[in-house]
Amino acid sequence: MADFVGAVDQGTTSTRFMIFDHAGNEVAKHQLEHAQILPRSGWVEHDPVEIWERTNSVIQNALRHGNLTAEDLAAIGITNQRETTVVWDPRNGRPYYNAIVWQDTRTDSIAAALERSGQGDVIRRKAGLPPATYFSGGKIQWILENVDGVRAAAEAGHALFGNTDAWVLWNLTGGPDGGIHATDVTNASRTMLMNLETLDWDDELLGFFGVPRAMLPSINSSSDREAFGTTRTSRPLRAPIPITGVLGDQQAATVGQVCYAPGEAKNTYGTGNFLVLNTGTELVRSQHGLLTTLAYRFGDSPAVYALEGSIAVTGSAVQWLRDQMKIIINAAESETLARSVEDNGGMYFVPAFSGLFAPYWRSDARGAIVGLARYNSNAHLARATLEAICYQSRDVVEAMEQDSGVHLDVLKVDGGVTANDLCMQIQADVLGVPVSRPVVAETTALGACYAAGLATGFWKDTDELRTHWQESKRWEPQWSEDRRQQGYADWKRAVERTLDWAKVE
């Protein structure tokens, strides 16, 4: 009997393959970055072929590092950067264009036109999302309208769309030689094209974007024994291993953090921040700038919904300090530098590089550093960057409490930034509630494994999965209430100064 489950975690900056045992412990992993292609201001792209090549490599290397073979895997799950849009030719597997990344803002005029026409209200009601550059629908429309030949190819059945989960799945299951074109409810819910009530593509929404239904993958449960097929022997695993779980990355982290009951929430700190609150089988419509989305659906059980606060730039702001500003050599150095000062020195940094996501949804916003004095140093900027991660999360927590009435007693956290102890302490201080990190901080891959393993019986049920969760570290608030409220008020003033900067047609 196979003793392990593996997961492809196809993220915004890298792809990795992780292998877990029955107790949810990491057994092996390998990770490779891919290029961030920035053709012009506001445009962010990835090469889908490079992503597929990285997927091949990380699977092979993780198995080698763990001294394992494909036959040791009971199943495979896939989790992915959501909304990032790939359109490809199924006859040869060649992308028609680079993947347009979720951070990309080139579709701002499409989103603005939808809002002006009143179609934005229909999208909110049916898809649970505001018309925004973030989501896939506008990106598909842009490719259809701006890349020569794609509209005709789509109408002839020679163009497929998928977020990166569907792209990886199609290639793993054979590509041009019978690859399966499918996705799950969580990824489909990020397109502005799926009806949250029917869990199917909606003809009216497709009409808004001019997207032919034939381009779209079939929508399945997140945990399914049959729908996603098996790996092909000519592919990296060289054995027919069942692919039985697919989840968008933030929903995968929700599953990995065992947030299976209404009112349970997690916050993932990665390229961006994503706070997800389980609302159960009830579809809660946000009135305060959050997204109504799918949390997961396991097999034939009813779909579980969520409220989500999506923040575009958090961990990538630390990357910006490293790559563009060159004031740190690596991400860990941001903590060392920020600790060298007692506070932010009156400096606030709002990293609205791609506009502001939840709860503001302002594509006209751009990044700003305010409160500068000659006294300030690069250490103050490093600390302001960490504080920006935490203040943006508080914006979302405030909106979530208004929408749901749920007051967080503790915030479960995961993702790469949680390795920064100072950032997590600031988060507890800014929120005024404890922050808790699990032993397995990279819960995205773990959640994809859980979804895959539940489908095959590797794990019995979610109650069994709950027993695997263990706390690694907890941070208690240390700021006074006055400092907390003054800091947040100054943050809100800084946010105001980012608005109405970029011109949106």
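Biologist: Which residues of helix 12 meet helix 13, and which ones do they meet there?

Modeller: On the helix 12 side you have Arg383, Leu386, Glu387, Ile389, Cys390, Tyr391, Ser393, Arg394 and Val397. Across from them, helix 13 brings Leu422, Cys423, Ile426, Gln427, Val430 and Leu431. Sorted by class, that contact has ten nonpolar, two polar and three charged residues. Keep in mind that this is a predicted model.

Biologist: OK. At what angle do helix 12 and helix 13 pack?

Modeller: About 40°, and their axes are 9 Å apart. Helix 13 covers residues 421–431. At that angle the two count as oblique to each other, because roughly parallel would need an angle under 35 degrees. The crossing of helix 12 past helix 13 is right-handed.

Biologist: And how do helix 10 and helix 12 cross?

Modeller: Their axes come within 9 Å and cross at roughly 165°. So helix 10 runs roughly antiparallel to helix 12. Helix 10 also passes helix 12 in a right-handed crossing. For the ranges, helix 10 is residues 315–323 and helix 12 is residues 378–404.

Biologist: Which residues make that contact between helix 10 and helix 12?

Modeller: From helix 10 it's Gly315, Ala317, Val318 and Leu321, and they meet Leu381, Ala382, Thr385, Leu386 and Ile389 of helix 12.

Biologist: Which residues of helix 10 are buried, then?

Modeller: Gly315, Ser316, Ala317, Val318, Trp320 and Leu321. Their cover includes helix 12, along with helix 11 (331–339) and strand 19 (348–350).

Biologist: Switching to helix 9: how many of its residues are buried?

Modeller: Eight of eight, over residues 249–256. Asp249, Gln250 and Gln251 are among them, as are Ala252, Ala253, Thr254, Val255 and Gly256. After the helix comes Val258, which has a positive phi near 50°.

Biologist: What about Val246, buried or exposed?

Modeller: Val246 is buried, because its relative accessibility is 1% and the cut-off is under 20%. Val246 sits in strand 14, residues 243–248. Not counting residues up to four places away in sequence, Val246 touches Ile78, Asp165, Asp184, Asn187, Ser222 and Phe228.

Biologist: Now His34. Where is it?

Modeller: His34 is in the loop between strand 3 (26–33) and strand 4 (45–46). At 5% relative accessibility, His34 is buried.

Biologist: Which side chain does the His34 side chain make a polar contact with?

Modeller: The side chain of His46, at 3.5 Å. Leaving out neighbours within four places in sequence, His34 is also in contact with Gln10, Gly11, Thr12, Thr13, Ser14 and Thr15, among others. Glu50, Ile51, Arg54 and Gln81 are on that contact list too.

Biologist: Last one, Arg91: buried or exposed?

Modeller: Exposed, with a relative accessible area of 52%. Arg91 is in the loop between strand 6 (85–89) and strand 7 (94–95).

Biologist: What is Arg91 in contact with, leaving aside its neighbours within four places in sequence?

Modeller: Tyr96, His158 and Pro176. The C-alpha atoms of Arg91 and Ala159 are separated by 8.9 Å, and those two residues are 68 apart along the chain.

How values were computed. Residues numbered from 1 in each chain as written. Predicted model: local features only at pLDDT ≥ 70, side-chain atom pairs only at ≥ 80, totals over all residues. Heavy atoms only, no water. Axes fitted to C-alpha atoms, helices over the stretch in contact; angles between N-to-C directions. Helix = DSSP H or I, 4+ residues; strand = E, 2+ residues; numbered from the N terminus. Parallel < 35°, antiparallel > 145°, perpendicular 65-115°, else oblique. Left-handed = near helix turned anticlockwise from the far one by under 90°. Contact = heavy atoms within 4.5 Å. Buried < 20%, exposed > 50% of the residue type's maximum accessible area, 1.4 Å probe, protein only. Polar contact = N/O pair within 3.5 Å; in protein donor to acceptor, adjacent residues only side chain to side chain. Nonpolar A, V, L, I, M, F, W, Y, C, P; charged D, E, K, R; others polar.
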